[in-house]
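Please read them with the model open.

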Amino acid sequence: MADVWDPAAFKARVDEVLGRFVAREADALAAVDPALGPGAGELEAAVAHGKRLRAAFCYWGWRGGGQPDSDALVRAAAAVELVHAAAVVHDDLIDGSPLRHGRPTAHRALRSAVPGHPRPAGAARSLAMLVGDLLMALAGQLFVESGLPAAYLGRARPLWAALARELIAGECLEVLHTGGVPDTAVSLKVIRYKTAKYTVEQPLLIGGALAGAASRLGEGYSAYGLPLGEAFQLRDDLLGLFGDPADTGKAGADDLRGRRPTALLAEAWRLTDAAGRARLRALLDGSGDGDGSEGGDLDEVRELMRRVRAPERVEAMIAARVAEALRVLDELDAPPATVAALTSLAHAASARAS
(Lines give C-alpha, C1' and ligand atoms only; values in the text may rest on other atoms or scores of the structure.)
Protein backbone atom coordinates (compact mmCIF):
# COMPACT_ATOMS: atom_id res chain seq x y z
CA MET A 1 0.00 0.00 0.00
CA ALA A 2 1.31 3.43 -0.92
CA ASP A 3 1.98 6.00 1.77
CA VAL A 4 -1.01 8.00 0.53
CA TRP A 5 -3.93 6.69 2.57
CA ASP A 6 -6.59 4.97 0.46
CA PRO A 7 -9.43 3.89 2.78
CA ALA A 8 -11.36 2.04 0.06
CA ALA A 9 -8.35 -0.03 -0.99
CA PHE A 10 -7.54 -0.89 2.61
CA LYS A 11 -11.14 -1.83 3.34
CA ALA A 12 -11.11 -4.17 0.34
CA ARG A 13 -8.01 -5.92 1.68
CA VAL A 14 -9.57 -6.41 5.10
CA ASP A 15 -12.89 -7.52 3.62
CA GLU A 16 -11.10 -10.17 1.57
CA VAL A 17 -9.26 -11.51 4.63
CA LEU A 18 -12.42 -11.63 6.73
CA GLY A 19 -14.57 -13.07 3.96
CA ARG A 20 -12.22 -15.96 3.24
CA PHE A 21 -11.41 -16.75 6.86
CA VAL A 22 -14.98 -16.64 8.16
CA ALA A 23 -16.37 -18.53 5.15
CA ARG A 24 -13.91 -21.32 5.88
CA GLU A 25 -14.88 -21.42 9.54
CA ALA A 26 -18.60 -21.21 8.73
CA ASP A 27 -18.27 -24.17 6.38
CA ALA A 28 -16.45 -26.12 9.08
CA LEU A 29 -19.23 -25.37 11.56
CA ALA A 30 -22.03 -26.32 9.15
CA ALA A 31 -20.19 -29.55 8.28
CA VAL A 32 -20.72 -30.77 11.85
CA ASP A 33 -24.48 -30.94 11.29
CA PRO A 34 -26.90 -29.36 8.77
CA ALA A 35 -28.89 -27.86 11.66
CA LEU A 36 -25.94 -25.54 12.30
CA GLY A 37 -26.37 -23.85 8.91
CA PRO A 38 -28.26 -20.80 10.21
CA GLY A 39 -25.62 -20.17 12.87
CA ALA A 40 -22.91 -20.48 10.24
CA GLY A 41 -24.80 -17.96 8.14
CA GLU A 42 -24.85 -15.50 11.02
CA LEU A 43 -21.08 -15.83 11.36
CA GLU A 44 -20.72 -14.61 7.80
CA ALA A 45 -23.40 -11.94 8.21
CA ALA A 46 -21.54 -10.55 11.23
CA VAL A 47 -18.54 -9.59 9.10
CA ALA A 48 -20.38 -8.54 5.95
CA HIS A 49 -20.47 -4.84 6.86
CA GLY A 50 -18.17 -2.30 8.41
CA LYS A 51 -15.90 0.64 7.72
CA ARG A 52 -12.89 -1.32 9.08
CA LEU A 53 -11.78 1.65 11.18
CA ARG A 54 -10.39 -0.59 13.91
CA ALA A 55 -8.24 -2.50 11.45
CA ALA A 56 -7.09 0.81 9.97
CA PHE A 57 -5.97 2.13 13.34
CA CYS A 58 -4.05 -1.11 13.97
CA TYR A 59 -2.43 -0.83 10.54
CA TRP A 60 -1.28 2.74 11.09
CA GLY A 61 -0.13 1.90 14.60
CA TRP A 62 2.21 -0.56 12.87
CA ARG A 63 3.27 1.87 10.15
CA GLY A 64 3.88 4.56 12.77
CA GLY A 65 6.39 2.22 14.36
CA GLY A 66 8.46 2.36 11.19
CA GLN A 67 7.30 -0.90 9.63
CA PRO A 68 6.43 -1.31 5.93
CA ASP A 69 3.14 -2.46 4.44
CA SER A 70 2.51 -6.13 5.26
CA ASP A 71 -0.18 -8.62 4.30
CA ALA A 72 0.47 -10.48 7.54
CA LEU A 73 -0.17 -7.29 9.49
CA VAL A 74 -3.42 -6.73 7.58
CA ARG A 75 -4.53 -10.21 8.68
CA ALA A 76 -3.65 -9.40 12.29
CA ALA A 77 -5.50 -6.08 12.01
CA ALA A 78 -8.54 -7.86 10.55
CA ALA A 79 -8.69 -9.92 13.75
CA VAL A 80 -9.66 -6.74 15.62
CA GLU A 81 -12.69 -6.51 13.33
CA LEU A 82 -13.74 -9.98 14.51
CA VAL A 83 -13.62 -8.69 18.10
CA HIS A 84 -15.93 -5.91 16.95
CA ALA A 85 -18.25 -8.39 15.21
CA ALA A 86 -18.46 -10.43 18.41
CA ALA A 87 -19.16 -7.30 20.45
CA VAL A 88 -21.94 -6.25 18.07
CA VAL A 89 -23.69 -9.63 18.28
CA HIS A 90 -23.47 -9.58 22.07
CA ASP A 91 -24.44 -5.90 22.35
CA ASP A 92 -27.53 -6.38 20.18
CA LEU A 93 -28.44 -9.39 22.30
CA ILE A 94 -28.02 -7.53 25.58
CA ASP A 95 -29.96 -4.51 24.32
CA GLY A 96 -32.65 -6.50 22.50
CA SER A 97 -31.97 -4.49 19.34
CA PRO A 98 -34.04 -5.66 16.36
CA LEU A 99 -31.98 -4.24 13.48
CA ARG A 100 -28.36 -3.85 12.48
CA HIS A 101 -27.23 -2.67 9.03
CA GLY A 102 -30.89 -2.75 8.00
CA ARG A 103 -31.33 -6.50 8.63
CA PRO A 104 -32.55 -8.49 11.63
CA THR A 105 -29.95 -8.86 14.34
CA ALA A 106 -28.57 -12.34 15.02
CA HIS A 107 -30.94 -13.14 17.88
CA ARG A 108 -33.91 -12.14 15.68
CA ALA A 109 -32.70 -13.88 12.53
CA LEU A 110 -32.03 -17.14 14.35
CA ARG A 111 -35.64 -17.54 15.43
CA SER A 112 -36.23 -19.21 12.09
CA ALA A 113 -33.75 -21.92 13.10
CA VAL A 114 -35.85 -23.08 16.07
CA PRO A 115 -39.49 -23.18 14.85
CA GLY A 116 -40.39 -26.16 17.01
CA HIS A 117 -38.64 -25.04 20.18
CA PRO A 118 -40.95 -24.47 23.19
CA ARG A 119 -39.22 -21.12 23.82
CA PRO A 120 -38.07 -19.99 20.38
CA ALA A 121 -37.12 -16.44 21.37
CA GLY A 122 -34.95 -17.68 24.24
CA ALA A 123 -33.42 -20.40 22.07
CA ALA A 124 -32.55 -17.87 19.37
CA ARG A 125 -30.93 -15.63 21.97
CA SER A 126 -28.85 -18.57 23.17
CA LEU A 127 -27.74 -19.32 19.63
CA ALA A 128 -26.79 -15.68 19.06
CA MET A 129 -24.75 -15.66 22.27
CA LEU A 130 -22.83 -18.69 21.04
CA VAL A 131 -22.26 -17.12 17.62
CA GLY A 132 -20.76 -14.10 19.38
CA ASP A 133 -18.59 -16.33 21.54
CA LEU A 134 -17.29 -18.14 18.45
CA LEU A 135 -16.51 -14.85 16.72
CA MET A 136 -14.40 -13.80 19.71
CA ALA A 137 -12.55 -17.11 19.64
CA LEU A 138 -11.99 -16.77 15.90
CA ALA A 139 -10.51 -13.31 16.45
CA GLY A 140 -7.74 -14.81 18.54
CA GLN A 141 -7.25 -17.59 16.00
CA LEU A 142 -6.88 -15.19 13.08
CA PHE A 143 -4.48 -13.04 15.08
CA VAL A 144 -2.09 -15.88 15.90
CA GLU A 145 -2.39 -17.32 12.37
CA SER A 146 -1.70 -13.97 10.72
CA GLY A 147 1.79 -14.94 9.65
CA LEU A 148 3.62 -12.41 11.82
CA PRO A 149 6.62 -13.77 13.75
CA ALA A 150 5.86 -15.25 17.17
CA ALA A 151 8.09 -12.67 18.84
CA TYR A 152 6.03 -9.86 17.33
CA LEU A 153 2.76 -11.47 18.46
CA GLY A 154 4.19 -11.98 21.94
CA ARG A 155 4.77 -8.24 22.30
CA ALA A 156 1.08 -7.59 21.64
CA ARG A 157 -0.42 -10.41 23.69
CA PRO A 158 -0.89 -8.36 26.92
CA LEU A 159 -2.64 -5.63 24.93
CA TRP A 160 -4.92 -8.18 23.28
CA ALA A 161 -5.96 -9.39 26.73
CA ALA A 162 -6.52 -5.81 27.90
CA LEU A 163 -8.69 -5.08 24.86
CA ALA A 164 -11.05 -7.93 25.72
CA ARG A 165 -11.09 -7.13 29.45
CA GLU A 166 -11.85 -3.44 28.97
CA LEU A 167 -14.51 -4.10 26.34
CA ILE A 168 -16.33 -6.47 28.68
CA ALA A 169 -15.91 -4.02 31.56
CA GLY A 170 -17.61 -1.34 29.47
CA GLU A 171 -20.48 -3.64 28.51
CA CYS A 172 -20.95 -4.57 32.17
CA LEU A 173 -20.92 -0.93 33.23
CA GLU A 174 -23.60 -0.13 30.67
CA VAL A 175 -25.80 -2.95 31.96
CA LEU A 176 -25.24 -1.88 35.58
CA HIS A 177 -26.13 1.77 34.90
CA THR A 178 -29.01 1.24 32.45
CA GLY A 179 -32.23 2.67 33.89
CA GLY A 180 -30.41 4.70 36.55
CA VAL A 181 -30.44 8.44 37.04
CA PRO A 182 -28.70 9.88 33.93
CA ASP A 183 -25.23 11.14 34.75
CA THR A 184 -22.75 12.51 32.23
CA ALA A 185 -19.63 11.36 34.09
CA VAL A 186 -21.00 7.82 34.29
CA SER A 187 -21.93 7.89 30.61
CA LEU A 188 -18.45 9.03 29.60
CA LYS A 189 -16.86 6.23 31.61
CA VAL A 190 -19.10 3.69 29.89
CA ILE A 191 -18.17 5.20 26.52
CA ARG A 192 -14.46 5.05 27.30
CA TYR A 193 -14.45 1.37 28.19
CA LYS A 194 -17.21 0.05 25.98
CA THR A 195 -16.15 1.80 22.77
CA ALA A 196 -13.27 4.29 22.84
CA LYS A 197 -10.53 1.93 23.92
CA TYR A 198 -11.23 -0.98 21.61
CA THR A 199 -12.16 1.22 18.65
CA VAL A 200 -9.12 3.49 18.51
CA GLU A 201 -6.64 3.30 21.38
CA GLN A 202 -6.08 -0.44 21.68
CA PRO A 203 -5.87 -1.14 17.92
CA LEU A 204 -3.23 1.60 17.65
CA LEU A 205 -1.31 0.22 20.63
CA ILE A 206 -1.51 -3.33 19.29
CA GLY A 207 -0.19 -2.22 15.92
CA GLY A 208 2.59 -0.30 17.63
CA ALA A 209 3.50 -3.25 19.86
CA LEU A 210 3.60 -5.58 16.86
CA ALA A 211 5.97 -3.12 15.21
CA GLY A 212 8.20 -2.85 18.28
CA ALA A 213 7.42 0.85 18.64
CA ALA A 214 8.95 2.89 21.45
CA SER A 215 6.88 3.51 24.60
CA ARG A 216 6.77 7.24 23.83
CA LEU A 217 4.91 6.55 20.61
CA GLY A 218 2.45 4.37 22.54
CA GLU A 219 1.80 7.25 24.90
CA GLY A 220 1.00 9.43 21.93
CA TYR A 221 -1.32 6.77 20.53
CA SER A 222 -3.26 6.72 23.81
CA ALA A 223 -3.42 10.51 24.02
CA TYR A 224 -4.83 10.60 20.49
CA GLY A 225 -6.98 7.45 20.67
CA LEU A 226 -8.95 7.97 23.85
CA PRO A 227 -10.55 11.35 23.02
CA LEU A 228 -11.13 10.29 19.41
CA GLY A 229 -12.76 7.03 20.51
CA GLU A 230 -15.04 8.98 22.81
CA ALA A 231 -15.94 11.33 19.96
CA PHE A 232 -16.77 8.30 17.81
CA GLN A 233 -19.29 6.99 20.34
CA LEU A 234 -20.76 10.41 21.07
CA ARG A 235 -21.44 10.73 17.35
CA ASP A 236 -23.07 7.29 17.47
CA ASP A 237 -25.33 8.44 20.31
CA LEU A 238 -26.48 11.43 18.28
CA LEU A 239 -27.07 9.34 15.18
CA GLY A 240 -29.00 6.80 17.21
CA LEU A 241 -31.72 9.32 18.01
CA PHE A 242 -31.38 12.08 15.42
CA GLY A 243 -29.91 10.18 12.47
CA ASP A 244 -31.84 8.68 9.57
CA PRO A 245 -32.49 4.95 10.18
CA ALA A 246 -32.06 4.44 6.44
CA ASP A 247 -28.44 5.55 6.88
CA THR A 248 -27.70 4.08 10.31
CA GLY A 249 -29.42 0.73 9.64
CA LYS A 250 -30.65 0.67 13.24
CA ALA A 251 -33.95 1.39 14.96
CA GLY A 252 -34.03 5.02 16.07
CA ALA A 253 -35.76 4.24 19.37
CA ASP A 254 -33.17 1.73 20.59
CA ASP A 255 -31.17 3.82 23.07
CA LEU A 256 -34.17 5.57 24.61
CA ARG A 257 -36.32 2.45 24.73
CA GLY A 258 -33.52 0.65 26.54
CA ARG A 259 -32.89 3.59 28.93
CA ARG A 260 -29.20 3.26 28.14
CA PRO A 261 -26.78 5.64 29.86
CA THR A 262 -25.89 7.77 26.84
CA ALA A 263 -24.23 11.15 27.22
CA LEU A 264 -27.02 12.65 25.11
CA LEU A 265 -29.67 11.57 27.62
CA ALA A 266 -27.48 12.59 30.55
CA GLU A 267 -26.93 16.07 29.14
CA ALA A 268 -30.64 16.52 28.47
CA TRP A 269 -31.34 15.46 32.05
CA ARG A 270 -28.70 17.84 33.41
CA LEU A 271 -29.81 20.83 31.37
CA THR A 272 -33.57 20.63 31.94
CA ASP A 273 -35.48 21.63 35.07
CA ALA A 274 -37.49 19.49 37.50
CA ALA A 275 -40.63 19.69 35.38
CA GLY A 276 -38.64 18.77 32.29
CA ARG A 277 -37.11 15.79 34.08
CA ALA A 278 -40.52 14.58 35.18
CA ARG A 279 -41.79 14.83 31.63
CA LEU A 280 -38.68 13.17 30.24
CA ARG A 281 -39.08 10.28 32.67
CA ALA A 282 -42.71 9.84 31.66
CA LEU A 283 -41.81 9.95 27.98
CA LEU A 284 -39.02 7.41 28.41
CA ASP A 285 -41.36 5.05 30.22
CA GLY A 286 -43.66 5.14 27.20
CA SER A 287 -41.09 5.09 24.38
CA GLY A 288 -41.17 2.21 21.92
CA ASP A 289 -42.59 -1.27 22.32
CA GLY A 290 -39.51 -3.43 21.84
CA ASP A 291 -40.07 -4.35 18.21
CA GLY A 292 -37.97 -1.57 16.72
CA SER A 293 -40.92 0.77 16.15
CA GLU A 294 -40.90 4.27 17.56
CA GLY A 295 -43.46 5.23 20.15
CA GLY A 296 -45.44 8.38 19.57
CA ASP A 297 -43.66 10.14 22.42
CA LEU A 298 -40.21 9.95 20.85
CA ASP A 299 -40.71 13.11 18.82
CA GLU A 300 -41.46 14.91 22.06
CA VAL A 301 -38.29 13.50 23.60
CA ARG A 302 -36.33 14.84 20.66
CA GLU A 303 -38.02 18.22 20.95
CA LEU A 304 -37.28 18.41 24.67
CA MET A 305 -33.62 17.62 23.97
CA ARG A 306 -33.48 20.27 21.26
CA ARG A 307 -35.13 22.81 23.54
CA VAL A 308 -32.39 22.45 26.17
CA ARG A 309 -29.75 22.24 23.40
CA ALA A 310 -28.52 18.80 24.45
CA PRO A 311 -27.55 17.85 20.87
CA GLU A 312 -25.48 21.03 20.57
CA ARG A 313 -23.78 20.21 23.86
CA VAL A 314 -22.85 16.74 22.60
CA GLU A 315 -21.64 18.24 19.32
CA ALA A 316 -19.38 20.52 21.36
CA MET A 317 -18.06 17.52 23.29
CA ILE A 318 -17.28 15.79 19.99
CA ALA A 319 -15.50 18.85 18.56
CA ALA A 320 -13.40 19.30 21.71
CA ARG A 321 -12.28 15.67 21.66
CA VAL A 322 -11.41 15.68 17.97
CA ALA A 323 -9.43 18.89 18.46
CA GLU A 324 -7.58 17.29 21.37
CA ALA A 325 -6.73 14.23 19.27
CA LEU A 326 -5.51 16.37 16.37
CA ARG A 327 -3.29 18.43 18.69
CA VAL A 328 -1.55 15.24 19.75
CA LEU A 329 -0.72 14.49 16.12
CA ASP A 330 1.20 17.78 15.92
CA GLU A 331 3.70 16.35 18.42
CA LEU A 332 3.55 12.66 17.44
CA ASP A 333 6.95 11.17 16.66
CA ALA A 334 5.76 9.21 13.63
CA PRO A 335 6.33 9.28 9.85
CA PRO A 336 4.40 11.97 7.93
CA ALA A 337 2.31 9.34 6.15
CA THR A 338 1.11 8.00 9.52
CA VAL A 339 0.23 11.48 10.78
CA ALA A 340 -1.68 12.21 7.57
CA ALA A 341 -3.59 8.93 7.75
CA LEU A 342 -4.47 9.39 11.42
CA THR A 343 -5.68 12.92 10.64
CA SER A 344 -7.95 11.56 7.92
CA LEU A 345 -9.18 8.76 10.18
CA ALA A 346 -10.00 11.27 12.94
CA HIS A 347 -12.38 13.07 10.60
CA ALA A 348 -13.84 9.83 9.24
CA ALA A 349 -14.53 8.49 12.74
CA SER A 350 -16.15 11.63 14.12
CA ALA A 351 -18.03 13.15 11.17
CA ARG A 352 -20.18 10.40 9.71
CA ALA A 353 -23.82 9.65 8.93
CA SER A 354 -23.87 5.96 9.88
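1. W5 and F10 are both buried (under 20% relative accessible area; exposed is over 50%, partly exposed is in between; 1.4 Å probe, protein chains only). The model is predicted: local features need pLDDT of at least 70, side-chain atom pairs count only at pLDDT 80 or more, and totals for chains, interfaces and linings use all residues. Residues are numbered from 1 along each chain as its sequence is written, and side-chain values use heavy atoms, with hydrogens and water left out.

2. Aromatic pairs come to 7. The rule takes rings of Phe, Tyr and Trp (its six-membered ring) with centres within 6.5 Å; planes under 30 degrees apart are stacked, over 60 edge-to-face, and the rest tilted. Why is the pair of W5 and F10 tilted? Their planes stand at 50°, with the ring centres 5.4 Å apart. W5 and F10 also belong to one aromatic cluster with Y59 and W60.

3. W62 and Y152 make a tilted pair too, because their planes are at 50°; the centres are 6.2 Å apart. W62 sits in helix α3 (residues 53-64) and Y152 in helix α7 (residues 150-177), so this pair ties together parts 90 residues apart in sequence. Helices here are DSSP runs (H or I, at least four residues), numbered from the N terminus. W62 is buried at 3% relative accessibility. Y152 is partly exposed at 25%.

4. Two arginines lie over ring faces. R155 is over Y152, 4.5 Å from the ring centre. R352 is over F232, at 3.9 Å. The test is NZ of Lys or CZ of Arg within 6 Å of the ring centre and within 35 degrees of the ring normal.

5. Now helix α8 (residues 184-211), which includes T184. Of its 28 residues, 23 are buried, so α8 is largely enclosed by the rest of the structure. D183 caps its N-terminal end, with a side-chain oxygen 3.0 Å from the backbone nitrogen of A185. The helix bends by about 65° at K197 (the angle between axes fitted to the seven residues ending there and the seven starting there). Just after α8, G212 has a positive phi of about 75°.

6. T184 is buried, with a relative accessible area of 16%. Its side chain makes a polar contact with that of E267, at 2.5 Å (N or O atoms within 3.5 Å; within protein, one must be able to donate a hydrogen and the other to accept it, and residues adjacent in sequence count only if both atoms are side-chain atoms). Leaving aside neighbours within four places in sequence, T184 is in contact (heavy atoms within 4.5 Å) with A266, E267 and M317.

Technical notes: Helices (H or I, at least four residues) and strands (E, at least two) are DSSP runs, numbered from the N terminus.
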